[in-house]
Amino acid sequence: MPVEFLGIAATGDGSETTARTTAAFDRDYTLRLARAHEDHGWDRVLFAYGAGAPEPSAAAAFLASHLERLQILLAHRPNVSYPTFAAKTFATLDRISDGRLTVHFITGGNDHEQQREGDFLTKDQRYERTREYIGIVKKAWTSREPFDHEGPHYRFNDFVSDVFPVQQPRPGVSFGGSSDAAYAAGGAEADVYCLWGEPLARTAEQIERVKEAARAAGRTDVPRIQVAFRPIIAPTEELAWEKAHRTVAAIRDRRGTDRAGTNPATGTREAGTRETAAPENVGSQRLIEIAEAGERYDRALWTPTAAATGGAGNSNALVGTPETVAQALLDYYDLGVDILSARGYHLLDDAIDFGRYVIPIVREEVAKRDAARAAKAAKAERAERDRHQLIAVQA
C-alpha cells in the first residue's frame, strides 16, 4: 500500500524549544516552510488550530495559491462556525487548491481551551456535536438538491450550496482521539484516523479499536491510519541521543518561561499547563502513562519529550540515525499505518533533513515490500489456476 508523509504548516518559527522570532502569521516563513516540505518529498502539511492562533483556512488558501503539489490537512473545530458555512469554506478551499484538501475535525480535549471561543459543552456533548457536524458537511458537499436538517445541535431548512469540491464525491475527512467516544465517532465518519505515537503493541490495539468501531457503524471499509511522531535524527546514534537530551532540556526551559503554557507551533494551550495540571483528554493521559512506565520502547520510541510537555499532543520522539528512524517508521507501516506524521523541533531544518535522509529510505523499503507482496499474490494466483486446470484434465 502507498505510504504518505505529513508535516506541519506552521505560520511562525517558534517551537517547544525555540522562542518565536516572526509574527504569528508570517507570509514569508509560512511559504518557505511549505516549500521545504514540497521540495523534499513530503505529501501534505497540517494547518493546526488554536484559539489564539491565525485562522488556518485563510493561511491554507494563501499556501494553496502559491504551491501546486503539496496537499493540505486543515484542522477545524466545529464550535467556531455553523456546518453549512464550514462546508462552503472547505469546498472553496478545495477549489483554490485544485483538489488538495483534507479536513481534520477536532472535537476538543481541553475544556478551558474550548471555552476561550465560547464552547461550554461537555466532552460527550462535543463528540455528539462533531459527529452531527461531519454528517452535515458531507451532505452539503455532495447534495445538489436543497435539504433540511434537525438534530441535537443544528437545525436549518432548504440549504443547498452553490460551490462544490473539486474532489469527487468529496474531500477526505480526518479524525483523532483515544476515548471510546472518539473511536465511535471516528470509526463511523473518518476516512483517516489519527493517532499519537505510542509503542507498537499499544498502537496495534488502537488500530483494532478503530476497525471494530467502523464495523459497529456498519461500514464495509475501515479508515486509513495515521500516526504522529517527533523525529530527532543525527548522523550517529551517539549524536542523536545527545541531541535528544538537549531537546528535552530546552523544552523544560521553555515551559518554565512560558507561564501561559502555549504550544508555539499550534497556538493552543494544552495538557500540563496552569489551566490543567492533569490532562483531560485520554490521548494525553495515555502518553503520560506510557512515559511513567518507561523512557524507551521498541526500536527508537522515546517518551521524555512527551513527559516534559505533560503529554501535550504529538510529543513522543523517535531518536536515532536516519536509518534507525526509518526502520522504526517501517515497523508502524507493517502494523497497517500508511500515513506517517513527523514534526521536528527546528521546523524548517528538520523538515529538510527528514525529507532528505528519512523519507527516501522509507519509500524504497515500502516499494520492496509492495513488490514482494505482489509477487507472492501472483504466485498464489498461478498455483490456484494450475490446480483448477489439473482438476479439469483429470475430470
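Which residue in β6 is the bridge partner of F147? It is F159. This briefing covers a predicted model. The secondary structure of the protein chain comes to 13 helices and 13 strands.

**Overall dimensions**

- The protein chain has 395 residues, and a compact globule with that count would have a radius of gyration near 21 Å.
- The chain itself has 22 Å, which agrees with the value for a compact globule.
- Along the principal axes, the C-alpha atoms fill a box of roughly 80 × 65 × 40 Å.

- Strand β5 covers residues 147-150, and strand β6 covers residues 155-159.
- The two strands run antiparallel, and three bridges join them.
- One of the bridge pairs is F147 with F159 in β6.
- β5 and β6 form a hairpin, with four residues between them.

**Helix α5 with helix α6**

- Helix α5 spans residues 123-142, and helix α6 spans residues 180-189.
- Their axes come within 10 Å and cross at roughly 10°.
- An angle under 35 degrees counts as roughly parallel, and α5 and α6 are therefore roughly parallel to each other.
- On the α5 side, the contact uses Y127, R131, I134 and K138.
- On the α6 side, it uses A181, A182, A184, A185, A188 and E189.
- By class, this contact of α5 with α6 has seven nonpolar, no polar and three charged residues.

**Helix α3 with helix α5**

- Helix α5 also meets helix α3, residues 83-96.
- The axes of α3 and α5 come within 9 Å and cross at roughly 50°.
- That angle makes α3 oblique to α5.
- The crossing of α3 and α5 is right-handed.
- From α3, the contact takes P83, T84, A86, A87, F90 and A91.
- From α5, it takes Y133, I136, V137, A140 and W141.
- By class, the contact of α3 with α5 has 10 nonpolar, one polar and no charged residues.

**Helix α12 with helix α13**

- Helix α12 is made of residues 347-357, and helix α13 of residues 359-394.
- The two helices pack at an angle of about 35°, with their axes 3 Å apart.
- F354, G355, R356 and Y357 in α12 meet I359, P360 and I361 in α13.
- The residues of the contact of α12 with α13 divide into five nonpolar, one polar and one charged.

- Most residues other than glycine have a negative phi, and most peptide bonds are trans.
- D98 is not a glycine, yet it has a positive phi of about 60°.
- D98 lies in the loop between α3 and β4, a strand at 101-105.
- Q168 and P169 are joined by a cis peptide bond, with omega about 10°.
- P169 lies in the loop between β6 and β7, a strand at 172-176.

Conventions:
Residues are numbered from 1 along each chain as its sequence is written. This is a predicted model: local features need pLDDT of at least 70, side-chain atom pairs count only at pLDDT 80 or more; totals for chains, interfaces and linings use all residues. Side-chain values use heavy atoms; hydrogens and water are left out. Two strands pair if DSSP finds at least two bridges between them. Axes are lines fitted to C-alpha atoms, for helices over the stretch in contact, and angles run from 0 to 180 degrees between N-to-C directions. Angles under 35 degrees count as roughly parallel, over 145 as roughly antiparallel, 65 to 115 as roughly perpendicular and the rest as oblique. Contact means heavy atoms within 4.5 Å. Ala, Val, Leu, Ile, Met, Phe, Trp, Tyr, Cys and Pro count as nonpolar, Asp, Glu, Lys and Arg as charged, and the others, Gly among them, as polar. A crossing is left-handed if the near helix is turned anticlockwise from the far one by less than a right angle, and right-handed if clockwise. The radius of gyration is taken over C-alpha atoms; the globule rule is 2.2 Å times the number of residues to the power 0.38.
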